[in-house]
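Here are my notes on this model, point by point. Please read them with the structure open.

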Amino acid sequence: MLASDRRREIFNRLVREGYVEAKELAEELGVDASTIRRDLDTLARSGQVKRTHGGARTVPGVSADLPYSMKETARLDQKAAIAGVAVQRVRDGDTVVLDSGSTTYEIAVRLRNHEDLTVITNDLRIATFIADLRRFRLLVAGGELLGSVYTLTGRRTVEFLLDYAADWTFLGADAVDAAAGITNTNTLEIPVKRAMLEVAATTVVVADSSKFGHRALAKVADLDEVDEIITDSDLPSDSVDVFGKNLITVADPAPTPG
């Protein structure tokens, strides 16, 4: 298991249970206790968890979402491949809503070869990247910052989004399940994601295969409320069949534009 995947598993367990023991995690994940301690130290530096003697616990009142610093290094090839396919049908002059997240950031990178786009986002990292291009019209939603994931949320964010009409929304997801639909760890983001879905002519969920077959805390949408789901080819074939014709699997990583 990659370090990024292991830390995601540790963090998800912390969210569910509130506390983890390093010794128990080491046994269950098949690694040395020293490796788990380093993982817990990394999580603690994000401010999302607090180290304790022999383990770690969650911090009350802090967003139960994996820090961006961990998301951006996980499964980069798969996210690049997903993004490469996602942008193929975006036309010059379109209006594109980009949800917050590391996969949607990869989409922003691959939109740089388009012309005359309008980009709407609540992700400060995406906004900074698009602003530095100096070629697109950029609209950034207001709201309250979820610091660890660079995401703006709240009533003002929703109201801002509902003032616009878009050709595309590219929506991230913490989990995708055939029965539960699209779900998310952080409840504060749900109204924002719903607004993004509402304003777009076409909504595309972009999620790497590690997100499938799981359920997160809060529901974003049923599968039939989105037009397409794009993932990587690591998704098992029996799972592919469950999601039907709206699922697109991507075989090869797309090169990052120069």
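1. Start with T203, which sits in strand β12, residues 200-206. Helices (H or I, at least four residues) and strands (E, at least two) are DSSP runs, numbered from the N terminus. T203 is buried, at a relative accessible area of 2%. Buried means under 20% relative accessible area, exposed over 50%, and partly exposed in between (1.4 Å probe, protein chains only). Leaving out residues up to four places away in sequence, T203 touches T169, L171, L197, V226, D227 and E228. Contact here means heavy atoms within 4.5 Å.

2. A word on provenance. The model is predicted: local features need pLDDT of at least 70, side-chain atom pairs count only at pLDDT 80 or more, and totals for chains, interfaces and linings use all residues. Residues are numbered from 1 along each chain as its sequence is written, and side-chain values use heavy atoms, with hydrogens and water left out.

3. The overall picture. The protein has ten helices and 15 strands. Of its 258 residues, 53% count as buried. Among contacts with a separation of 6 or more, 63% join residues 24 or more positions apart. The protein exposes about 11,900 Å², and carbon and sulfur atoms supply 46% of that area. Accessible areas come from the Shrake-Rupley method with a 1.4 Å probe; for residues, only the protein chains shown count as cover.

4. Next, helix α6. Residues 102-110 form this helix, and eight of its nine residues are buried. The buried ones are S102, T103, T104, E106, I107, A108, V109 and R110. A80 belongs to helix α5, residues 76-86. A80 is buried as well, with a relative accessible area of 9%.

5. Two backbone angles deserve a check. D116 has a positive phi of about 60° although it is not a glycine. D116 lies in the loop between α6 and β5 (118-121). D116 is exposed, with a relative accessible area of 57%. R134 likewise has a positive phi of about 60° and is not a glycine. R134 lies in the loop between α7 (124-133) and β6. At 75% relative accessibility, R134 counts as exposed.

6. Which residues make the nonpolar surface patch of about 290 Å²? They are L124, V140, L145 and Y150. Patches are made of residues with over 30% relative accessible area and no salt bridge; like charges are joined within 9 Å, nonpolar side chains (Val, Leu, Ile, Met, Phe, Trp, Tyr) within 5 Å. A salt bridge is a side-chain nitrogen of Lys or Arg within 4 Å of a carboxyl oxygen of Asp or Glu. V140 is found in strand β6, residues 137-140. V140 is partly exposed, at 34% relative accessible area.

7. E17, E21, E24 and E27 form a negative surface patch. Lys and Arg count as positive and Asp and Glu as negative; His and the chain ends are not counted. The place of a charge is taken as NZ of Lys, CZ of Arg, CG of Asp or CD of Glu. E21 lies in strand β1, residues 19-21. At 41% relative accessibility, E21 counts as partly exposed.
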